[in-house]
Amino acid sequence: MSSPCDPQHAPAGDVGAALMMIDSRLKSIHDGRTRTDPEQQELVDQFAASLGPGGVDDVLDGACTLIFMFMKWLRMAHEDHGKDVIEYVVPNLVATMRMMPRSVPPETIPTMAGLVIAAGTDLSPSLWRKQYGYWTEAEMTPLEATAFLLAEHINRITEDPDFATRLITEALTRSDEA
């Protein structure tokens with residue numbers, strides 16, 4: 001029996017916009033810019049405002065699609081070594097988020113862990129989250145942090161600072177060609 005959270009029922013959203021935001025954050029961190037650049041934040045705010053409500057929902061779904069795709073890759077990589085992705089990725093992710101209380105309020109960590117666990121068990125993070133109502137403002141930065149931390153985890157595993165971005169870009173290119 002199919003789950004109502006089966007990925008085939010989930011909207012992919014605007015994966016390109018979500019990836020652009022995550023890749024931008026990855027590059028700024030690797031360049032040593034850990035504080036939010038006011039000019040960059042203004043551009044992000046303008047971009048979000050230009051999307052309108054439907055566009056923002058598309059970026060949220062796109063971020064969830066990134067989480068799903070990152071976890072799918074991590075699941076396959078861990079299974080190749082006889083390991084469980086949930087056992088190895090989730091505790092590390094939660095511990096890292098707990099060290100970021102200004103960006104990731106403690107009350108949002110269970111939701112972010114739930115998104116990752118849903119994706120790690122081949123369920124749609126977006127549909128899993130929608131069971132509990134609409135996204136809250138307090139969840140926006142933690143959602144971005146979750147996708148960012150998964151991308152960074154993949155980049156560290158592969159020892160390639162652009163691997164996660166390239167992984168998604170290549171998947172998008174293949175889907176456009178199909």
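## Surface and charge

The protein chain exposes about 9900 Å², of which carbon and sulfur atoms supply 56% (Shrake-Rupley method, 1.4 Å probe). This is a predicted model, in which local features need pLDDT of at least 70 and side-chain atom pairs count only at pLDDT 80 or more, while totals for chains, interfaces and linings use all residues. Residues are numbered from 1 along each chain as its sequence is written, and side-chain values use heavy atoms, with hydrogens and water left out.

The chain carries 14 positive and 27 negative charges, whose mean positions lie 5 Å apart. Lys and Arg count as positive, Asp and Glu as negative, and His and the chain ends are not counted; each charge is placed at NZ of Lys, CZ of Arg, CG of Asp or CD of Glu.

## Fold and dimensions

The protein chain has seven helices and zero strands (DSSP runs: H or I of at least four residues for helices, E of at least two for strands). Its radius of gyration is 16 Å, close to the 16 Å that the globule rule gives for 178 residues, so the chain is as compact as a globular protein of that length. The radius is taken over C-alpha atoms, and the rule is 2.2 Å times the number of residues to the power 0.38. The C-alpha trace spans about 45 × 40 × 35 Å along its principal axes.

## Burial and cysteines

Of the 178 residues, 42% count as buried (under 20% relative accessible area, 1.4 Å probe, protein chains only).

The structure holds zero disulfides (pairs of cysteine sulfur atoms within 2.5 Å). C5 is in no disulfide, and the nearest cysteine sulfur, that of C64, is 11 Å away. C5 is buried at 7% relative accessible area, and C64 is buried at 1%.

Notes. Buried < 20%, exposed > 50% of the residue type's maximum accessible area, 1.4 Å probe, protein only.
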